Amino acid sequence: MSRWLLTGGAGYIGAHVARDLRASGREVVIIDDLSTGLISRVPADVTVIEESILDTDVVRRALDGVTGVVHLAAKKAVGESVDQPMLYYRENVGGMVSLLQAMEDAGTRCLVYSSSAAVYGEPPWSPISEDSPLQPLSPYGETKVIGEWLVRDAAAARSHASTSVSPLSWASLRYFNVAGAGAPDLGDTSVNNLIPMVLDALDRGQAPQVFGTDYPTHDGSCVRDYIHVSDLAAAHVAAADLVESAEVAAVFNVGTGVGSSVLEVMAAVSEVVGRDVGAVAVQRRAGDPPELVASVDRIAAELGWSAQRTLRDMVASAYAAGR
Ligand code: WQD
């Protein structure tokens, strides 16, 4: 049985990945500073190191006997990153530098990195493939691009014949819009994204808002590729299998390949809650691209992975989780 270190394993996505990695027969150790993570999300028999990945010595010790790392620990709020860019560079870029240094020192062989569709910014075409230009529109997106560069550079250095360190096999997963919950106690508590924001508004007796209905899309509202967090977790296991079985340098979009508009999400929520949510149209939110949908050809061909769950599954499971 191989042992994997999961950074950010007490987070919304991490908690799902932890369960699936274990179900795949791997032993899992989590490092999480619990700045946003919840210990209640972690299965009782999984070891949690309550430390920041910025502490390279702590990470190095945690890597003892570890085959691979799934790296999710990061800040992820786009708006906050615009207001506090240094916080994002320190946590996300500094965190990756610290992790890669520790992995090199420990000779850790495999890495699966949590990247984001935010690396594309406003895409010139849709669906968007992994070879498209990287033009992030926020410090958050910039830190995810830099993270990918750092992994690539670390792997290149470790592959030189002159080094005694083992090569680094890695995959970067560019998540599109993650939603839903794999269990009622694993919901997204952050209220940063559309579905949690709609459910939160309903909880408070307010009307959910549609940010702009004059976009050049089929119904005027923005189109996104929503991916169920349980499907996303399965993609991590497929990526872990790949990096463990061969020496690879791979980048994959993780989405469904199908776009849904904000109005379609509102309709799905209305269906799930059993009444019209009464969404109101308001001004566009600055910086929102009209359409962002993943091309999923590569991940289907190379990982044999595809999303299984629908938008309705995402909304229903988020609702059941209270978010
Ligand atoms: C989705 C759509 C809004 C709230 C962001 C990051 C991305 C990734 C996921 C990662 C947009 C509209 C929203 C509301 C609305 N982050 N909306 N009413 O902006 O596509 O992506 O989260 O870790 O990097 O950029 O996601 O969920 O905020 O918005 O109409 O109350 O819903 O305008 O079109 P977004 P989102």
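Guide: Ala, Val, Leu, Ile, Met, Phe, Trp, Tyr, Cys and Pro count as nonpolar, Asp, Glu, Lys and Arg as charged, and the others, Gly among them, as polar. By that scheme, the shell around the ligand consists of ten nonpolar, five polar and four charged residues. This is a predicted model, in which local features need pLDDT of at least 70 and side-chain atom pairs count only at pLDDT 80 or more, whereas totals for chains, interfaces and linings use all residues. Residues are numbered from 1 along each chain as its sequence is written, and side-chain values use heavy atoms, with hydrogens and water left out.

Visitor: What makes a residue one of those that surround the ligand?

Guide: A residue is near a molecule if one of its heavy atoms lies within 4 Å of it. The ligand is surrounded by 19 residues, the closest being Leu194, Gln209, Phe211, Arg224 and Asp288.

Visitor: Which element gives the most to the shell around the ligand?

Guide: Strand S8 does, with three residues. Helix H6 (194-203) and strand S8 (209-211) each supply at least two; helices (H or I, at least four residues) and strands (E, at least two) are DSSP runs, numbered from the N terminus.

Visitor: Why is the ligand said to lie between domain 1 and domain 2?

Guide: Domain 1 (3-178 + 226-254) and domain 2 (180-224 + 257-292 + 309-321) both contribute residues to the shell, so the ligand lies between them. The domain bounds come from an automatic or database domain assignment.

Visitor: What distance separates a polar side-chain atom of Asn193 from an oxygen atom of the ligand?

Guide: The distance is 2.9 Å, and a polar contact is a pair of N or O atoms within 3.5 Å. For Phe211, a backbone N or O atom lies 2.8 Å from a ligand oxygen atom. An N or O atom in the side chain of Arg285 is 2.9 Å from an oxygen atom of the ligand. The protein buries 87% of the 690 Å² that the ligand exposes when taken alone, by the Shrake-Rupley method with a 1.4 Å probe.

Visitor: Is Leu34 buried, partly exposed or exposed?

Guide: Buried means under 20% relative accessible area, exposed over 50%, and partly exposed in between (1.4 Å probe, protein chains only). Leu34 has a relative accessible area of 25%, so it is partly exposed. Leu34 also has a positive phi of about 60° although it is not a glycine, and its place is in the loop between strand S2 (27-31) and strand S3 (47-49).

Technical notes
A polar contact is a pair of N or O atoms within 3.5 Å; within protein, one must be able to donate a hydrogen and the other to accept it, and residues adjacent in sequence count only if both atoms are side-chain atoms.
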